[in-house]
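Please open the model in your viewer and keep the selection tool at hand.

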Amino acid sequence: MAETMTTTHDVKDLGLAPQGKLKIEWADRQMPVLRQIRARFEKEKPLEGLRIAACLHVTAETANLMRTLKAGGADVVLCGSNPLSTNDEVAASLVADYGVATHAIKGEDHETYYRHILSAIDSKPSVTMDDGCDLVTVLHTKRKDALPGVIGGTEETTTGVIRLKAMAAQGVLGYPVVAINDADTKHLFDNRYGTGQSTLDGILRCTNLLLAGSTVVVAGYGWCGRGVAMRARGMGAIVLVTEIDPVKAIEAAMDGFEVVTMAEASPRGDLFITMTGNKNVLRGEHFQVMKDGAIVCNSGHFNVEIDIPALEKMSSGKRTTRPFVDEYTVGEKRISLLGEGRLINLAAADGHPASVMDMSFANQSLSVEHLAKNATTLPKDVFTVPREIDAQVAKLKLAAMGVSIDTLTPEQVAYLAEWSEGT
Ligand SMILES: NC(=O)c1ccc[n+]([C@@H]2O[C@H](COP(=O)([O-])OP(=O)(O)OC[C@H]3O[C@@H](n4cnc5c(N)ncnc54)[C@H](O)[C@@H]3O)[C@@H](O)[C@H]2O)c1
């Protein structure tokens, strides 16, 4: 029998709404692209008749995305995509001030987290909006009854897109999904500059560490890893990079970073940051040889990049020394784990700055509009955000930044189209 969990909202305390509203309004000021889309949606109502179940980090930026979808005429239900990333004040304001049925509480346990996802599915969505594929997974396993009503979905992050592509390859994906992460105006900016800055922000807020002169080990030189490595170097850290992809490893080496194996990095690092989308990147053999005082954390999507069960097993004691800092005693050494190994930028800081989420969420809004028009004609597969949407988001952002760019002259258009010129 299908599990159901119908409640209109579940947030920590509706009394927190006034502070949440201020946060949402502050973020909105840095989100000019989304604001322009919201103004158009208000007039045209392109999402009329859609019911959207969104499973996203419940932040002020997400609140502005929810407002935009509602302005477009959609019914919206929101649950958290991570037990530690919810801002309780924002969640309260979403319910009290914006009428968005929100189900998310910071620090919720595993059972509550999944109960909230079930509540979102109980709304009988026609569109899903996911960040990490948890909502889609529950829909395709425990709640198949709700699948036939869904016409399409969107997925925000790298890890979710990998999972969805595996589902499509096995022929089990029930509807078309747009991979927001694959838009250039998403991963080139959100993953690189957003994660780059906010990951260090989270680490510094909970540790008050001085990065200058310390050795930072970045595991994974993808879009997020590049951003973090670049920013850590900018603050004076000595940055070591680990990779498993030879091309990314050469790129890191030519960007001037020292590329090493994790075995080589382990005794040298003061701070380890994983962002690979993979599991057990930091393991028992690495903890064993780390320095006394080493700090480990993760900014990849799931809390599996650090083998926390192994750390628990090999340690003789554990104490919480500061909020989001758990210190383990391993032999004579102390190793600190930040944010329970979950996305540190969302656990201990505010996540990405609003101005970068502006582009990611503009892609979300325009992709839902695209699904409203085209979902019935699309096969059950994973799609890249249409090129026109990517270009439109970039143009709107440039305009908001007051940046003008050149246009091709007629002569240049002809030159680029002419293959025999110059022979
Ligand atoms: N913290 C955030 O706010 C945030 C934002 C965006 C994405 N993410 C998540 O961060 C993770 C990385 O995203 P991305 O866009 O950089 O992905 P990516 O695919 O561009 O990069 C991941 C890199 O990790 C490398 N890698 C894989 N296994 C490894 C291992 N064992 N050791 C070393 N390197 C390894 C890969 O070769 C690849 O270069 C994903 O889980 C994604 O969902 C987090």
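**Starting inside a helix**

Select D28 first, which lies in helix α1; helices (H or I, at least four residues) and strands (E, at least two) are DSSP runs, numbered from the N terminus. This is a predicted model, in which local features need pLDDT of at least 70 and side-chain atom pairs count only at pLDDT 80 or more, while totals for chains, interfaces and linings use all residues. Residues are numbered from 1 along each chain as its sequence is written, and side-chain values use heavy atoms, with hydrogens and water left out.

**A covered helix**

Next select α4 (88–96), where 8 of the 9 residues are buried, among them D88, E89 and L94. The buried residues of α4 pack against α1, α3, β2 (75–80) and β3 (101–103).

**The second largest pocket**

Display the second largest pocket, which holds about 490 Å³ of space. Here a pocket is an open set of points on a 1 Å grid over the protein atoms alone, where a 1.4 Å probe fits, with protein on both sides within 12 Å along at least five of seven lines, and lining residues have an atom within 4 Å of a point; the volume is the space filled by probe spheres set on the points, which are joined across faces, edges and corners. Of its 25 lining residues, K23, N87, A349, D350 and G351 are the closest to the centre. Helices α1 (17–29), α3 (60–71), α4 and α8 each supply at least two residues of the lining, and the largest share, 4 residues, comes from α8.

**From α8 to the sheet**

Follow α8 (residues 184–207), which lies across β10, β11, β12, β13 and β14 and runs at about 140° to β10 (the angle, on a scale from 0 to 180 degrees, is between N-to-C directions of axes fitted to C-alpha atoms, for helices over the stretch in contact). Then colour the open sheet of 8 strands, ordered β9-β8-β7-β10-β11-β14-β13-β12 with mixed pairing; two strands pair if DSSP finds at least two bridges between them. At the edges stand β9 (258–259) and β12 (317–322), each with a single partner strand, so one side of each has no neighbour in the sheet. Finish at β7 (residues 215–219) and β10 (residues 271–274), which pair in the parallel sense over 4 bridges, and where V216 has L271 in β10 as its bridge partner.

Methods. Contact means heavy atoms within 4.5 Å. Buried means under 20% relative accessible area, exposed over 50%, partly exposed in between (1.4 Å probe, protein chains only).
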